[in-house]
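Me: Could you go through this structure with me? I'd like to take the parts one by one and ask things as they come up.

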Amino acid sequence: MANGAGGVVILGLAGGALAALTGVRDPLAAEDKLLQAVLMIEPRLVIPVPRTLRVNDRTFVALEIPPGLPHVYAVDGRFLARSGTDNRPLNPRDIRRLFIERGEISFETEVAPGATLDDLDWEAAQDYAARLGALGGSGAEEALLKRGCLAETPAGPRPTHAGLLLFGRDPQRILRGALILAAQFSGEEMSDAFRKQEIAGNLPAMLRKMEAFLTDHLSREVVVGRSMARTEQHELPMEAARELVVNAVAHRDYSISADSTRVLLFRDRMEVHSPGALPVPMTVPN
């Protein structure tokens, strides 16, 4: 449960939730068993203390596992997840994804396989280093190393995924899902009639192209001012639309290669879809 969306462990519920309620005879012993189980987990699992419940004159002990926990947890060296009524071992791919989702490792700062220094736009990197001034160090390469866009390897500095995303000449050669799919539909639902644009390049280039798409395709309305002059303005504030897109590309999970950021314009609304889960410890309720 700690490696998933949380849940509640209840001692005294015989045969599952649909069976008869049996209760526990010794709540203190049941609490002790739960706490012993918690102490077996690595790293240390910090959760609320067990609660004693009374239902129909029977006593139960409940232990809540909250969602959005900050680590990936193991018991006896095994990484497990709850699936229905079973505990299933996580495979290496699921473990890596969970580590990324919970911030234990960073996909962005990993060296991009197959990428070389020639994959970066060094003119843009030099402009960036110049804007940083003293914070950037003595040159573009040092600035990119400090900012996690380059990483030292036995073969010398190599671009990270972040370096490709920010300064890559063609990031999609390696990060195939690092795209924005923009589409405009004429009605309020998806249909076969739409205008579509697949926006590629590094993040600054994609944001410029996306802003041009929004300028051209967001619905406009005519406004009559006090002087009776007629002006056109977008029905949705361009500042808000731009901020939504910036947040989507900045915070999406780029380790998901099978999906892209999607911006969908309908007659009555704008939708922005950003691949990946919320960064821990954020959850939808909080």
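Me: Which residue in S4 does Thr52 stand opposite?
Reply: Keeping in mind that this is a predicted model, Thr52 stands opposite Val61 in S4. The two strands involved, S3 and S4 (residues 58-65), pair in the antiparallel sense over five bridges.

Me: And what order do the three strands of the open sheet come in?
Reply: The order is S1-S4-S3, and the pairing in this open sheet is antiparallel. Strand S1 (7-11) and strand S3 (51-55) are the edge strands, each of them pairing on one side only, and from one strand to the next the twist averages 35°.

Me: Which strands does H1 lie across?
Reply: Helix H1, which covers residues 27-39, lies across S1, S3 and S4, and its direction is at about 20° to that of S4.

Me: Back to S3 and S4: what about the loop between them, where I see Asn56?
Reply: Asn56 is in that loop, and it has a positive phi of about 50° although it is not a glycine. Asp57 is found in the loop between S3 and S4 as well, and it too is not a glycine but has a positive phi, here of about 65°.

Me: Are Asn56 and Asp57 buried or exposed?
Reply: Asn56 has a relative accessibility of 59%, and because exposed means over 50%, Asn56 counts as exposed. Asp57 is likewise exposed, with a relative accessible area of 71%.

Me: Where's Pro43, and what is the peptide bond from Glu42 like, cis or trans?
Reply: Pro43 is found in the loop between strand S2 (41-42) and S3, and the peptide bond that leads from Glu42 to Pro43 is cis, with omega near -10°.

Me: Changing topic, which residues of H3 are buried?
Reply: In helix H3 (residues 122-132), the buried residues are Ala125, Ala129 and Leu132. They lie on the same side of H3 because the arc they cover around the axis is only 55°.

Me: What is on the other side of H3, then, and what covers the buried residues?
Reply: On the other side of H3, the residues Glu123, Ala130 and Arg131 are exposed. The buried residues of H3 are covered by elements that include helix H4 (140-146) and helix H5 (161-167).

Me: How many bridges join S8 to S9?
Reply: Strand S8 (residues 150-153) and strand S9 (residues 156-159) are joined by four bridges and run antiparallel. Leu150 stands opposite Pro159 in S9, and the hairpin that joins S8 to S9 passes through two residues.

Me: Last topic: at what angle do H6 and H7 pack?
Reply: As background, two packed helices are described by the angle between their axes together with the distance between the axes. For helix H6 (residues 203-217) and helix H7 (residues 238-251), the angle is about 145° and the axes are 11 Å apart, and the crossing of H6 and H7 is right-handed.

Me: Which residues make that contact, and how many are nonpolar?
Reply: From H6 the contact is made by Leu203, Leu207, Met210, Glu211, Leu214 and Thr215, while H7 contributes Met238, Ala241, Arg242, Val245, Val246 and Val249. The residues of this contact of H6 with H7 divide into nine nonpolar, one polar and two charged.

Key. Residues numbered from 1 in each chain as written. Predicted model: local features only at pLDDT ≥ 70, side-chain atom pairs only at ≥ 80, totals over all residues. Heavy atoms only, no water. Axes fitted to C-alpha atoms, helices over the stretch in contact; angles between N-to-C directions. Left-handed = near helix turned anticlockwise from the far one by under 90°. Contact = heavy atoms within 4.5 Å. Nonpolar A, V, L, I, M, F, W, Y, C, P; charged D, E, K, R; others polar. Pairing = 2+ DSSP bridges. Buried < 20%, exposed > 50% of the residue type's maximum accessible area, 1.4 Å probe, protein only. Arc of directions from axis to C-beta.
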